[in-house]
Structure formats: structure tokens, C-alpha cells
Amino acid sequence: MKHYIGAGNPMHAQFEAKAGYQATHFQWTYEDGVGTVTLNRPERKNPLTFQSYAELRDLFRALHYATDVKAIVVTGAGGNFCSGGDVHEIIGPLTKMSMPEMLEFTRMTGDLVKAIRQCPQPIIGAIDGICAGAGAMIALACDIRYGTPATRTAFLFTRVGLAGADMGACALLPRMIGQGRASELLFSGRAMTADEGLAWGFFNALHASDAVLAAATKMARDLAAGPTFAHGMTKTMLSQEWSMTIEQAIEAEAQAQAICMQTADFTRAYEAFAAKQKPVFGGD
């Protein structure tokens, strides 16, 4: 869950601010508690490289400890989200690697998805145009996804001779859109249309291409202004309860709510309601 560490806490130095982070292989901006990751190779539809995979993994791991970042938006530049791994910079070199070296790469790509899922902040994807391969997996790892009528999402691993089981696809996608639909997409590698994605629950909403980033940013700002400790608890429960029975989940949620009831935000919400005012949350 997202922990609040005040400036006077002796552990504060361990929780590094990320507002001023300087990205090397993509763009990072920060405003009003919201960090935005922009995949920024528009001339190639924003493909990933060995270096961008690693930097994204490391950033999302570090965001676990960034108490200044309350919510995150992930998007792509130039009308596309991400075309997946760069054919020339990744797939070409992979064909010349040994199996142990290839395994290090596939574990690294999976570590990116794990870092996104374990990151306690809500993550909203603003997804336009091409969203393919590893790009589709980054989108799938987000908590909320907004698409556009132009979005085409393809888990196209079989198109390059690989299994559809990549970066957690066989675990995450069936939970999102159902086993049968996921099986079709992962076997065929075909693109899921925006309308299909909306109807199947992959997208929360569709927006015009020139409005999707603004919609995602607004959602992120709304969440950043909310009870962020409680949001972190929600994300934790959404993840952990996949492997619980109903009885275990109900008990885990009882404990989670009892913890959240001890936060100052819970008291703030009650006092604001009693005063007929809007609560101002502090994340603690």
C-alpha cells in the first residue's frame, strides 16, 4: 500500500521524491501530484529498447517509495502508444544470444510488468493508435485504460514465432476480458479494435485522440487529490485477492478497512461531511 512518510519521520530520507526525475529513454513530467511517462520515439511508433525497458522497470520500482507522486499516467507521443520491442534493436540481437542471455531479457520484460503492478499509485493509460506486443502488456498492466477510436491493441507475439504467453499475458488478459476472448487474441495475434476493447472491459472509456491524454490526466489528478493511502490499499487488495478464497478476501478486506479507519484522512472525511464541506485529503 502507499505509505505516508512525513518530513519529520526519521525514515523520510529513504523515500526519494521523483518530481524532478530526469528520464533518459522516455519523457517524465510531474505536476499536481501526477507523474506522466511518455514513450517518445514517435517516428517509430514508440518502440522499446533494452535501455528503455530497464529504465521503465527501475522507475516504477522507485515510484514505490516516492511519496510526492500520487498517481501516474502512461502515454505515447505522436498518435501512437507503443509498437512493442524494437525489431532492429531488440529482436535482431536476440536471435544471436544464448538461451541464458535470452532468459535474462524475458525476465527483465516481466519485471517491468511486475513493477507496474506492484507500484502502489493508481496508473492510468492514455492509449492512442498502435498498442502492440510489449506495449499492449504495459497498457494491460495499468489500473485504468482510456483508448481512442483509432486504438488497435495486439498481443502479436505469435506473429514473430513466439508463444502468446509473454510478460504475464496468460494471467492478466483472461482476467480482464475472459478466457475465450483472451485465447483468441493470444493465439491469433490479431488486433483488438477499440470498440471490442470497450465492450470487453479492456478500456474504461474511449475518447477522441486529441482528448484522451487530458481525460487520463484528469482522472489521475482526481485520484491524486483523494485518500492516497486508501488508494494504495485498494490496489494491494485488488492484486492479493486473486489468489484468495471469498472467505479469505472478506477477512483481508476487514483488516484493510480497519487499518484505513485509523488514518487522518478517514477523520477528515467525517469532519468535512459533518460540516457539509468537501474533504481535503492528506494521504495519511
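**Strands and helices**

Tutor: This is a predicted model. Let's begin with β6: 2 bridges join it to strand β9 (residues 205–206), and the two run parallel.
Student: Which residue is the bridge partner of G147 in β9?
Tutor: L206 is the partner of G147.
Student: And what joins β4 to β6?
Tutor: 3 bridges, with the strands running parallel. A126 stands opposite Y146 in β6.
Student: Are the faces of β6 covered or open?
Tutor: Both faces of β6 (residues 144–147) are covered. I144 and Y146 lie on one side, R145 and G147 on the other, and all are buried.
Student: New topic. What order do the strands take in the open sheet?
Tutor: The order is β5-β7-β8, 3 strands with mixed pairing.
Student: Which strands stand at the edges?
Tutor: β5 (130–132) and β8 (191–192). Each has a single partner strand, so one side of each is left without a neighbour in the sheet.
Student: How many bridges join β5 to β7?
Tutor: 3 bridges, and β5 runs parallel to β7 (residues 152–154). A132 stands opposite A154 in β7.
Student: Which helix packs on that sheet?
Tutor: Helix α4 (residues 134–141), which touches β5 and β7. The direction of α4 makes about 90° with that of β5.
Student: What about α3, what should its span be?
Tutor: Helix α3 (residues 99–118) has 20 residues, so at 1.5 Å a residue it should span 28 Å. Its end C-alpha atoms are 28 Å apart, which agrees.
Student: Which residues of α3 are buried?
Tutor: F105, M108, T109, G110, D111, L112, V113, A115 and I116. They pack against α1 (50–63), α2 (87–94), β4 (123–126), α4, α5 and α9 (228–240).
Student: Now α5 and α6. At what angle do they pack?
Tutor: About 130°, with their axes 7 Å apart. The two helices are therefore oblique to each other. Their crossing is right-handed.
Student: Which residues make the contact?
Tutor: From α5, A169, C170, L173, P174 and I177. From α6, Q179, R181, A182, L185 and L186.
Student: Where is G178?
Tutor: G178 sits in the loop between α5 (169–177) and α6 (179–188).
Student: What is the relative accessible area of G178?
Tutor: 26%, so G178 is partly exposed. G178 and G201 are 23 residues apart in sequence, and their C-alpha atoms are 9.3 Å apart in space.

Key:
Residues numbered from 1 in each chain as written. Predicted model: local features only at pLDDT ≥ 70, side-chain atom pairs only at ≥ 80, totals over all residues. Heavy atoms only, no water. Helix = DSSP H or I, 4+ residues; strand = E, 2+ residues; numbered from the N terminus. Buried < 20%, exposed > 50% of the residue type's maximum accessible area, 1.4 Å probe, protein only. Pairing = 2+ DSSP bridges. Contact = heavy atoms within 4.5 Å. Axes fitted to C-alpha atoms, helices over the stretch in contact; angles between N-to-C directions. Expected span 1.5 Å × (residues − 1). Parallel < 35°, antiparallel > 145°, perpendicular 65-115°, else oblique. Left-handed = near helix turned anticlockwise from the far one by under 90°.
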